[in-house]
Amino acid sequence: MRTKDYRLIFLLALFVPYIVIFALSAHFFFSNLSKYSELKSLKEVINPVKDLSEIITLLNGDKVFTVLKNYGGETHLKISQRYEREIEERLKDLKRDLSDRSIEKYCSCADIFTLDSALSRLRQAENRSVKEILQAYDRLINKLCAYYAELSSKLSLKALSLQFKTLYNLHKFHTVVNDLVAERLASFYQPVRGDLRYSLYYYRGEILAYADTFYVLIDFPHLKEKFRTHIFGHPMLQNLLTGKDYAYPTPLVGDFLNFEGEFSAFHNEVLEKLLHTLERNIEHYWLKTFEVLILAVLGLTSLLVVNFVVYQYGVSRFESTIQKLEERMFKDPLTGLLNRRFFNAYLLKRLKTDPPPTSFILIDLDNFKQINDTYGHDFGDKVLRHVARILKRSIRKQDIAVRWGGEEFGIFVKAPLEVAVKLAERLRKRLEENPVDGIKITASFGVGEYKGEDPKEFFKKVDEALYRAKRKGKNRVEKAI
């Protein structure tokens with residue numbers, strides 16, 4: 001390379017990196033600053049999301065006790081009233097959170113402000129079937145779940161938004177479980193209509209679907225395990241799903257209250273984890289903004305040192321790098337031998353100019369396809385590496401071993417034909433005497449000496465000798481004619 005070319009490289013190394021570092025620093029700085037500002041502003045969505053999630057959870061419990069109140073009398077009136085009070089308190093919080101902001105900006109859910117009257121109508125359930133009660137509740141719950149999904153989608157960081165949306169599947173799971181409990185409790189107080197087994201199959205399918213979806217999407221291992229053991233593995237749910245039925249309503253109500261307590265605690269833990277993740281993301285992007293500035297200064301300073309190194313050692317480094325790249329280009333990654341690219345270059349360019357004598361050994365492993373098919377490609381690769389090691393240990397420093405392709409190898413031997421034939425015979429025996437994991441490995445050999453003819457014709461003669469060895473029974477050495 002000419003001197004002025006090196007000067008051009010030096011000038012590019014001097015100025016271009018400064019421009020690149022400045023451009024990248026500006027990009028990452030404003031990108032992180034934008035994400036930080038966005039997350040900071042989106043914190044105002046979190047409280048409505050949290051309130052709405054808690055209301056959905058409470059509504060699922062409330063509907064079961066509305067069914068009980070309608071069919072089982074006033075036995076559980078206090079629990080039903082407790083649900084009503086808690087829903088009323090959460091609803092006040094939600095209305096307050098949404099009133100302090102422009103609701104249209106986040107959610108097309110203005111009818112949340114009329115939720116009180118909708119709930120009042122739901123609880124007036126006299127003379128209505130359990131199906132009608134559950135359908136009325138579930139319509140409202142599904143609408144609130146849609147609002148929840150709409151609000152959580154405003155969390156524009158995809159990973160964070162997805163984690164909040166996993167709660168949607170948890171709510172749907174809870175909805176179906178409580179529908180099943182409500183129907184089973186109602187069956188104690190009224191004649192059963194239809195086939196309960198069909199209902200159980202329907203509920204089981206939906207419960208498993210929502211449970212699997214939540215389990216796959218939630219990104220916290222300890223919450224996965226807790227969901228599996230405490231929620232999905234809860235005795236009440238497993239009894240209902242596996243057909244270990246309840247003979248009386250009281251044990252089922254007791255187990256249901258325990259399940260609701262476990263579910264509420266788990267739901268709150270998921271929410272707290274997600275809120276903590278949001279706070280951590282805000283802190284992360286705040287720190288990243290300053291890190292970019294510091295790293296930019298350090299990068300520019302370091303670049304001065306790099307430029308000095310380029311000036312002092314650029315030419316030698318450049319040439320050394322080119323040499324290493326050439327070595328890698330001609331190296332077979334599996335066996336560590338030289339590859340077919342090197343073989344072609346040597347055969348077509350260097351063979352004529354190298355001082356004679358030069359012989360060539362072409363090797364093809366016997367029945368290699370059968371080995372691959374029987375023991376798998378991983379074992380086949382092991383065999384190829386084993387063969388390569390034997391070749392490396394058996395040749396002299398001046399000889400050149402290559403992997404010609406697939407299960408074929410070649411050796412350029414700086415010696416006449418007789419020496420190359422003896423080397424091929426030694427290799428044949430070593431391969432035969434050194435099985436791989438008890439599997440015998442053999443190969444066929446074609447050997448020829450280069451006499452100045454066209455390199456392609458020379459290779460063709462050696463290749464024909466190899467195939468002659470194959471035809472004569474394999475595991476043998478044949479000379480080129």
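Of the 481 residues of the chain, 44% count as buried, where buried means under 20% relative accessible area, exposed over 50%, and partly exposed in between (1.4 Å probe, protein chains only). The model is predicted, so local features need pLDDT of at least 70 and side-chain atom pairs count only at pLDDT 80 or more, while totals for chains, interfaces and linings use all residues. Residues are numbered from 1 along each chain as its sequence is written, and side-chain values use heavy atoms, with hydrogens and water left out.

The chain has 15 helices and five strands. Helices (H or I, at least four residues) and strands (E, at least two) are DSSP runs, numbered from the N terminus. A contact means heavy atoms within 4.5 Å. Among the contacts in the chain with a separation of 6 or more, 75% are between residues 24 or more positions apart.

**Strands β1, β2 and β3**

Two strands pair if DSSP finds at least two bridges between them. Strand β3 (residues 408-413) is joined to β2 by five bridges, and the two strands run antiparallel. Strand β1 is also antiparallel to β3, with six bridges between them. Some of the bridge partners are listed below.

| Residue | Bridge partner in β3 |
|---|---|
| I400 | F412 |
| V402 | G410 |
| I361 | I411 |

β2 and β3 form a hairpin with two residues between them, and G406 in the turn has a positive phi of about 60°. Five of the six residues of strand β2 (residues 400-405) are buried, so β2 is largely enclosed by the rest of the structure. β3 is mostly covered, with six of its six residues buried. In a regular strand the side chains alternate between the two faces of the sheet. In β3 both faces are covered: E408, G410 and F412 are buried on one side, and F409, I411 and V413 on the other.

**Helix α13**

Helix α13 has 18 residues, which should span 26 Å at 1.5 Å a residue; the end C-alpha atoms are 26 Å apart, in agreement with this. The expected span is 1.5 Å times one less than the number of residues. The buried residues of α13 include F379, V383, L384, V387, I390 and L391. What covers the buried residues of this helix includes β1, α12 (368-375), β2, β3 and α14 (417-433).

H386 is placed in α13, which comprises residues 377-394. H386 is buried, with a relative accessible area of 13%. Leaving aside residues up to four places away in sequence, H386 touches N434 and V436. The side chain of H386 reaches the backbone oxygen of N434 at 3.0 Å.

**Aromatic rings**

A search of the whole structure finds 20 aromatic pairs. Rings of Phe, Tyr and Trp (its six-membered ring) pair if their centres lie within 6.5 Å; planes under 30 degrees apart count as stacked, over 60 as edge-to-face and the rest as tilted. One of the pairs is formed by F343 and F360, and this pair is tilted, at 5.5 Å centre to centre with 40° between the planes. F343 lies in helix α11 (residues 340-350) and F360 in strand β1 (residues 359-365), so the pair ties together parts that are 17 residues apart in sequence. F343 is buried, with a relative accessible area of 2%, and F360 counts as buried at 2% relative accessibility.

The rings of F360 and F459 also form a pair, with centres 6.2 Å apart and planes at 50°, so this pair is tilted. Because F360 lies in strand β1 and F459 in helix α15 (residues 455-471), the pair ties together parts that are 99 residues apart in sequence. F459 is buried, with a relative accessible area of 14%. Ring pairs link F330, F342, F343, Y346, F360, W404, F412 and F459 into a cluster.

**Charges over rings**

A charge sits over a ring if NZ of Lys or CZ of Arg is within 6 Å of the ring centre and within 35 degrees of the ring normal. The charged end of R340 sits over the ring of W404, 3.8 Å from its centre. K224 lies over the face of Y215, at 4.9 Å from the ring centre. W404 is also one of the residues in the ring cluster.

Conventions
Polar contact = N/O pair within 3.5 Å; in protein donor to acceptor, adjacent residues only side chain to side chain.
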